[in-house]
Amino acid sequence: MVRAYSRRDYIRKIPASKIVQYDMGNLTEEFPVAVSLAVKDPARIRHNALEAARIASNRLMQRKAGRLGYHLKIRVYPHNIVRENPMATGAGADRVQDGMRKAFGKPVSAEAVVKRNQRIISIDTTKKNFIDAKEALRRASMKIPVSCKIVVDKGEDLIK
């Protein structure tokens, strides 16, 4: 992989992250069951994909377990800044454009660099809401651009 472009001191315009919250639900209670979403391959996940996954999983957990029946946590942060070389379109674009000359690009987005088997979203909940937590993570995995697996971190003995 290419070295991360994350030194914000040298970047003029830093794109704002779309992720609104990293911790949701009941932040104080200790839950007996913990389930996580782990990526199968190394990848780069953009901040808008993480936000879409957060919304999808949080909405289901809030509806099924209530506001205080779970704790959802986003475990990665989009540090890496994505650059794009803007190409001109329309009439006369070929005369204005430089092509690949000086093609460093302008910052357009931010992404999280994740390794194989790294957990990106975790849900702590009760034994009663275990199936709902798995379904919430399955829905979140649909928004992530890499194949994922659901891992039970804590409470395997309670579920059986």
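**A close look at helix 1**

Tutor: The buried residues of helix 1 pack against strand 1 (23-25), strand 3, strand 4 (70-74), strand 6, strand 7 and helix 3. Helices (H or I, at least four residues) and strands (E, at least two) are DSSP runs, numbered from the N terminus, and packing here rests on contact, meaning heavy atoms within 4.5 Å. Bear in mind that this is a predicted model: local features need pLDDT of at least 70 and side-chain atom pairs count only at pLDDT 80 or more, while totals for chains, interfaces and linings use all residues. Residues are numbered from 1 along each chain as its sequence is written, and side-chain values use heavy atoms, with hydrogens and water left out.

Helix 1 covers residues 47-65, which is 19 residues, and spans 26 Å from its first C-alpha to its last. That is close to the 27 Å expected at 1.5 Å a residue, where the expected span is 1.5 Å times one less than the number of residues. Its buried residues (under 20% relative accessible area with a 1.4 Å probe, protein chains only; exposed is over 50%, partly exposed in between) include Leu50, Ala53, Ser57, Leu60 and Met61. Just after helix 1 comes Gly66, with a positive phi of about 85°.

Five strands form an open sheet in the order 1-4-7-2-8, with antiparallel pairing; two strands pair if DSSP finds at least two bridges between them. Strand 1 and strand 8 are the edge strands, each pairing on one side only. On average, neighbouring strands in this sheet are turned by 20° against each other, direction ignored.

Helix 1 lies across strand 1, strand 4 and strand 7, and runs at about 180° to strand 4. Helix 3 also packs on the sheet, where it touches strand 2, strand 7 and strand 8 and makes an angle of about 15° with the direction of strand 2. For these angles, axes are lines fitted to C-alpha atoms, for helices over the stretch in contact, and values run from 0 to 180 degrees between N-to-C directions.

The core is a set of buried Ala, Val, Leu, Ile, Met, Phe, Trp, Tyr and Cys residues joined through side-chain atoms within 4.5 Å, and the largest one has 31 residues. Leu37, Ile45, Ile120, Ile121, Ile123 and Ile144 have the most contacts inside it. Besides helix 1, elements giving two or more residues to the core include strand 2, strand 7 and helix 3. Ile123 shows how these parts meet: among the residues it touches are Val35, Met61, Leu72, Ala133 and Leu137, with residues up to four places away in sequence not counted.

Finally, some charged links. The structure holds eight salt bridges, each a side-chain nitrogen of Lys or Arg within 4 Å of a carboxyl oxygen of Asp or Glu. In one of them, the side chains of Asp41 and Arg116 meet at 3.8 Å, N to O. Asp41 sits in the loop between strand 2 (33-39) and strand 3 (43-46), and Arg116 in the loop between strand 6 (106-114) and strand 7 (119-125), so this pair ties together parts 75 residues apart in sequence. Another joins Asp153 to Arg119, with the closest N and O atoms 3.0 Å apart. Asp153 belongs to strand 8 (residues 148-154) and Arg119 to strand 7, so parts 34 residues apart in sequence are tied together. Asp153 is partly exposed at 34%, and Arg119 is partly exposed at 27%. Within helix 3 (residues 130-141), Arg139 and Glu135 are four residues apart, about one helical turn, and their side chains meet in a salt bridge of 3.0 Å, N to O. A network of salt bridges links Glu135, Arg138 and Arg139.
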